[in-house]
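Colleague: I would like a close look at a single part of this model. Please take it slowly, as I am new to reading structures.

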Amino acid sequence: MSNATPTPAKGRLGQMRQAYTITKRSDRNIGLILLLTFLVAGGVAATLGLLVFGTGVFGMIITIVFALLIGLLAMIIVFGRRAEKAAYAQVEGQRGAAAGALQMLRKGWELKPAVAFNRNQDVVHRVVGRPGIVLVGEGNPNGVRQLLISEKKKHARIAGEEVPVLDVIVGNGEGQVKLTKLVKHMQKLPKSIKPAQMTGLLYKLKALDATRPAAPMPRGPVPTSMKGSRKAMRG
């Protein structure tokens, strides 16, 4: 009886199929859009290829390969963007959606979900990175603002004057950051501390977290679906 383990290629194909299924739920025309993208991009590439490489046998072979590669590349780029958009659409408005989005930040960031919350399930997440400490609130804007004011004071005492303590409210209102733009917003924040400073800062923050009660963070499809779609796009 064979106990063969899945190959990386099979694993990636499985991730792509899962991402396509998730995207199809909210973007029913995704198949047609990808086909048209492949044909248009491949057609343009084929035209350029014929002009550059000529119509000889060797030129035709290069042109066909070139057109296929450009068509596939364009299709993958479009699929990646629409899959990410579909993943955000499925979780937007759910508690914990911001934490799910923040998990898609690359290396160099440390996320602590739900460092503070209230009875109305307004919640504040903490991210530590080169910009310093970033407190991300989601929920009712009034409740979140009160939580952020309190948490900024606590974290400022721990961080000291050299580490900025920033705050972000996730939402569609004025002065808020949309869920779909949260990761890009974080990445554009100015770098204020060095990586070496993060290590000592994280140890200080652990002492602060040790005094807190456990937060009732929702678990399930929110982080999983978003990370799954992004992972599938990266291959």
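Which residues in H2 are buried?

Modeller: Bear in mind that the model is predicted. In H2, the buried residues are Ile30, Leu34, Thr37, Ala41, Gly42, Ala45 and Gly49. Buried here means a relative accessible area under 20%. An α-helix has 3.6 residues a turn, so residues three or four places apart point the same way. With that rule in mind, look again at the numbering of Ile30, Leu34, Thr37 and Ala41, which are among the buried residues of H2.

The length of the helix can be checked as well. H2 runs over residues 30–53, which makes 24 residues. At 1.5 Å a residue, H2 should span 34 Å, and its end C-alpha atoms are 33 Å apart, so the two values agree. The expected span uses one less than the number of residues, because that is how the span is defined.

Next comes the point where the helix stops. Just after H2, Gly54 takes a positive phi of about 85°.

Ala114, which is not a glycine, has a positive phi of about 50°. Ala114 sits in strand E1, residues 110–117, and is buried, with a relative accessible area of 8%. Gln121 has a positive phi near 70°. Gln121 belongs to the loop between E1 and strand E2, and is exposed, with a relative accessible area of 54%.

How values were computed:
Residues numbered from 1 in each chain as written. Predicted model: local features only at pLDDT ≥ 70, side-chain atom pairs only at ≥ 80, totals over all residues. Heavy atoms only, no water. Helix = DSSP H or I, 4+ residues; strand = E, 2+ residues; numbered from the N terminus. Buried < 20%, exposed > 50% of the residue type's maximum accessible area, 1.4 Å probe, protein only.
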